[in-house]
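The sequence and structure come first.

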Amino acid sequence: MADTAISVAAPDAVHEEAGLFGFTRAQALAFGVLVAFVLVSPFFLYPVFLMKVLCFALFACAFNLLIGYVGLLSFGHAAFFGMGGYIAGHTAKVWGLTPEIAIIGGGAVGAVLGLGIGWLAIRRSGIYFAMITLAMAQMVYFFCLQAPFTGGEDGIQQIPRGRLFGLIPLDTDFTLYWLVAAIFLGGFLLVHRVVHSPFGQVMKAVRENEPRATSLGYRTDDYKLLAFVLSAGLAGVAGGTKAMVFGIATLTDVHWNMSGEVVLMTLVGGLGTVFGPVVGAAVIVTMQNYLAEFGAWVTVIQGVIFVACVLAFRRGVVGEIGNLLKVRL
Amino acid sequence: MVDTILETEGLTKEFRGFAAVSDVRLEVARGSIHGLIGPNGAGKTTCFNLLTKFLPPTRGVIRYDGRDITGLKPAEVARLGLVRSFQISAVFPHLTVLENVRLALQRRRGGSFDFWRSEGLLKQFDDRAMALLEDVGLTGYARLTAGQLPYGRKRALEIATTLALDPVMMLLDEPTAGMTHEDVDRIVALVKRVAAGRTVLLVEHNLKVVEGLCDTITVLTRGRVLAQGDYATVSRNPEVQAAYLGTDPAIAGSTQHA
Ligand SMILES: Nc1ncnc2c1ncn2[C@@H]1O[C@H](COP(=O)(O)OP(=O)(O)OP(=O)(O)O)[C@@H](O)[C@H]1O
Ligand SMILES: [Mg+2]
């Protein structure tokens, strides 16, 4: 192979230099569009619906951090999302603490739970990893079913939104929306930072070739565990925020169905893309809202979309667009 | 007395009763290029996996630099400066060529658990990474993703990445496999150059390469050490000839003159 071999690489294949905050130009543009949408949409669309989208988008971003950048398929992320909701609900309702503390509490407990479940799961890889996370999440589900503080079948109802920092009342949906939007954008940027940090480099190396990363002297388990904890913590924040929005925390959010839904959202949007999970969450939540009248058929329709995505758009919506435009999104 | 950097005693690995490596005694002299050869399935890669702790041995002891490393984890062994490459090309395919090398240099920071920091911090390693890439003739490829490189270049990238750790001892598993002639020559020259001040343990099927590079050779067949010595001694050994006869005319041919 002579030196001329370099000509095989088309210019578009050349890695684009990342600029501001690790965003490439295309990503910075897409981020601008996202921020604009977040700022403008509550004036046109129903804020509760938008808040639901943002909560799930954050949840999917957290999940994508693991599957997309470390290559770990967790099938138990509902545990962190649902538990985050219960903790936030309990903190706000029973202890009467402010909403930001409730949500942070949800995130903290999600992270601690992630430390335990992650510590067990990272000992295995591939399908076994997924099975352990699923099994552990089922245990969390049964715990939530039995534990007195979760309210069993009823869940925690009428969680007060309270006052942000004890000052700003969040009673109107429009006010609460700005808090949710800030949490979402903060979480989104955090995920992006993690991916584009020195830690993120090692994370990607583990995804690409774990034995090689080990042979370079990285204790890969430690990196996987930290990624798991970060992902679980963010999922807890997303769940806690959702509980504050709807005023309820129920078994639905810890059920394995929810673990499947976040997989679906991420796949539909585009695994391992920065914006994919957001788009995927928007698509799925919108669909669920507008197809609600079809009842049980929603599940079937979702299933069909899932299969279609796997077969036709392997890269997901954002992944396919990126591929068409030859940019990383 | 020879200064031994790596030695094994009774090293054995059984896979469900099948001994892939059995009772291997290996002594690698510090600063030497030591060849490990043998027919397919002889247990060479398994030996590498044992030495770098990617597999736990069934029996036996491994000593590196005077200390028993039999119980260590693979990342620990790498941190002691005993670094391996892989038989199947091992790059990080979706990362750039520069990032591949930088990941090795990044190890100098100790752990990289700072997820809140910008990766811009890693630019401090760019100059060193570019110098290493220049060494292996990959300067023009730095910004490509590693997966796009032709095979020979990938192997060169692996060597650059391994070198970036400044290893005390390198274990190279068939670095020239699947390469064209020019690439082989370049890798041979490179190994020769970087071996200065280090120890190299080399698995290689290309006996020309072995003859040109290695100070000492250990021949393995069916998991056992068949012979050990310099190229002339080993190639004169009738058992080695029998093991290789028909499989590689190069050694059979060269031994006829001996
Ligand atoms: N994980 C494993 N489980 C079971 N058997 C194995 C395993 N790894 C290797 N073996 C067997 O051990 C023997 C030695 O394999 P090894 O890969 O070490 O040979 P090698 O000398 O590197 O051969 P090659 O020149 O083809 O690379 C082979 O028979 C192989 O099938
Ligand atoms: Mg081998």
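Two residues are in contact when heavy atoms of one lie within 4.5 Å of heavy atoms of the other. The model is predicted. By that contact rule, 53 residues of chain B meet 37 residues of chain A.

## The interface

Chain B and chain A bury about 4000 Å² between them. Carbon and sulfur atoms give 59% of that area.

One salt bridge is found across the interface. Its partners are B:Glu76 and A:Arg219. Their closest N and O atoms are 2.6 Å apart.

Which elements of chain B supply at least two residues each to the side that touches chain A? Four are helices: α2 (74–79), α3 (97–106), α5 (151–164) and α6 (181–194). The strand β6 (82–84) also belongs to this group. Helix α5 of chain B gives the most, with six residues.

## The magnesium site

Ligand 2 is a magnesium ion. Its protein donors are OG1 of B:Thr45 and OE1 of B:Gln87. They lie 1.9 to 2.1 Å from the ion.

B:Thr45 sits in helix α1 (residues 44–51) of chain B, while B:Gln87 sits in the loop between β6 and α3, so the pair ties together parts 42 residues apart in sequence. B:Thr45 is partly exposed, at 24% relative accessible area. B:Gln87 is also partly exposed, at 32%.

A:Gln158 lies between α5 (126–146) and β1 (163–164) of chain A. B:Lys53 lies between α1 and β4 (59–64) of chain B.

Are these residues buried or exposed? A:Gln158 counts as exposed, at 69% relative accessibility. B:Lys53 is buried, at 9%. The cut-offs behind these words are over 50% for exposed and under 20% for buried.

## Two further positions in chain B

B:Thr145 is in the loop between α4 (126–135) and α5 of chain B. It is buried, with a relative accessible area of 19%, because that value falls under the 20% limit. What does B:Thr145 touch, leaving out residues up to four places away in sequence? Its contacts are B:Pro93, B:His94, B:Leu95 and B:Thr96.

B:Ala131 belongs to helix α4 of chain B. It is partly exposed, at 33% relative accessible area. B:Ala131 and B:Pro56 are 75 residues apart along the chain. Their C-alpha atoms are separated by 36 Å.

## Accessibility of the residues discussed

| Residue | Relative accessible area | Class |
|---|---|---|
| B:Lys53 | 9% | buried |
| B:Thr145 | 19% | buried |
| B:Thr45 | 24% | partly exposed |
| B:Gln87 | 32% | partly exposed |
| B:Ala131 | 33% | partly exposed |
| A:Gln158 | 69% | exposed |

Note on methods: Residues numbered from 1 in each chain as written. Chains lettered and ligands numbered in written order. Predicted model: local features only at pLDDT ≥ 70, side-chain atom pairs only at ≥ 80, totals over all residues. Heavy atoms only, no water. Buried area = accessible area lost by both parts, 1.4 Å probe. Salt bridge = Lys/Arg side-chain N within 4 Å of Asp/Glu carboxyl O. Donors = N, O, S within 2.8 Å, 3.2 Å for Na, K, Ca; no water. Buried < 20%, exposed > 50% of the residue type's maximum accessible area, 1.4 Å probe, protein only.
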